[in-house]
Amino acid sequence: MIQKPHYPIEIVTSGKSVEIEDTQSHLVRLRSMFQASNADFNEEFEADVTLVPEPDNPRNKHAISVRWWDYVIGYLPASACRDYAQLRRVDASGYDACVKARVKAREDRDGARSYSVQVILPTPELLLPLNNPPADGFALLPLGSRVQVTKESDHIEYLADFVPTEGEGQLLVSLHTFEAGRDKRWTCVEVRLEGERIGELTKTTSEKFAPAVEHFEECGLDLYCRAIITGSSVAAEVVLYGAKAHELSDSFLEAKRTKPLVRLVEYQPDTSDYQLPSELDPESSRTIIPLPLDKVVELIPSRSATVETVGEFAYQRALDGTPNGFFDAELIPEVNNPYDPHAISVRYQGETIAYIPRGLTDVYWQAVAKVVASGAVPMVDAKKYRGRDGSTEVKLYLPEGEKALPVEYRNLPDVDYEQIAGHFRKRTPVFQRLPQQKPNRPKRKPRLPQQKPNRPQHESNSPQHESNLGAIGCGLILLVVVLILIF
């Protein structure tokens, strides 16, 4: 089984639901998905799934499987496999296409279960960008409302080469600012496609995008936006779908990642022209060389639990081997994890037992990566406990960001994904933890023992009490002997 990182499929305009087939052949995996969701019967829930072309499928060489945690849970219908054959482009690029699925479980009176799974997809024409993002750093606007580009007619000869045979397609365009106006100067936003001007925004619309464009220009990054081109060889129209400056969050403006979207192999109208991964040059695929992790760095714990881990259900056997209550857990970033290259696994004595939630990996990734990049395993305080539903759960005592790092690690430069090792499904070393090697750490509040009822002092049977009685008795006997000798 070839493990691949994910490529997110974005729905630029409206999406469509596609019911998958052959779910009855994969009930065991669907049951695990249902249990992991904590949903009730007849309650719809969402899950991340991947779409994987299977050219070696003996029943249908055009088959596209739907997978959850890389386990097959069904297949796209034959008609959808034809419509979405461009998924082969993602596969040929070394990625698995990731989409959202809506799942509902039902149980009849006899206890028999059935599952309906629908994957949410864009229209086939807007499945993927026709062109590639730049190889260097850039920023990509989140999706937003429709914005019309003007003056495209001045560049029809250039745009005609990008209009697909279907008459509609998705593009990645860059935004730039320049001074416009004769009497009264104003900042206009220009739209470029692969470095060539294809139009501009109106004055009113430019005012809503210019602050973001100028912000990233100061950061040395080009700002990209998703667009849709429609037309023919004689006329074309371009519409942007990007968030305006006032709609952007501070976290987006402060984002450190400079490659929010990876490059794919060049677009081919005939999908049979895509070479499958087994036919690609091995030197073109990413190779990760494991680093020797030969020491431990203990992270500074928080006073209370801050992170509830996820995915314990998939590692029950390893989780059963962890101590009840508090224990030391290892944190390993998995840059070669096919489901999420930003994943951070939680391990006990080298074995994976859970993961930090995907929504929190940005908070802790740099701190964990700095330790691993130095050749060490970051260790964190963890606690195993029984959840309300009877399941086994794990919590971590982990401060945000670099607050968990020892002082000597806090000034280290940020780490890129290429700088650290790939440890997905690799057992990390087991170390001897010696108490004298541990740094000074805040002490946890001790558990109070159960209060015992107070006994009367004369009922005490403790050894100390008995020794006191013996000493008093010897003193009285000696006093009597002395009095007899005197009188």
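Is Lys370 buried or exposed? Lys370 is buried, at a relative accessible area of 3% (buried is under 20%, exposed over 50% and partly exposed in between, using a 1.4 Å probe and protein chains only).

A quick note before the views: this is a predicted model, where local features need pLDDT of at least 70, side-chain atom pairs count only at pLDDT 80 or more, and totals for chains, interfaces and linings use all residues. Residues are numbered from 1 along each chain as its sequence is written, and side-chain values use heavy atoms, leaving out hydrogens and water.

**View 1. Lys370 and Glu402 form a salt bridge.** The N to O distance here is 2.4 Å; a salt bridge means a side-chain nitrogen of Lys or Arg within 4 Å of a carboxyl oxygen of Asp or Glu. Lys370 sits in helix α8 (residues 361-373), while Glu402 is in the loop between β21 (392-397) and α9 (407-410), 32 residues apart. Helices (H or I, at least four residues) and strands (E, at least two) are DSSP runs, numbered from the N terminus. Glu402 is partly exposed, at 27%.

**View 2. Lys370 also pairs with Asp414.** This salt bridge spans 3.9 Å, N to O. Asp414 lies in the loop between α9 and α10 (463-486) and Lys370 in helix α8, so the pair ties together parts 44 residues apart in sequence. Asp414 counts as partly exposed, with 36% relative accessibility.

**View 3. Shared partners build a network.** Lys151, Glu190, Arg192, Arg197 and Glu200 are joined by salt bridges. Among these residues, Glu190 and Arg197 meet at 2.9 Å, N to O. Glu190 is buried at 11%, whereas Arg197 is partly exposed at 24%.
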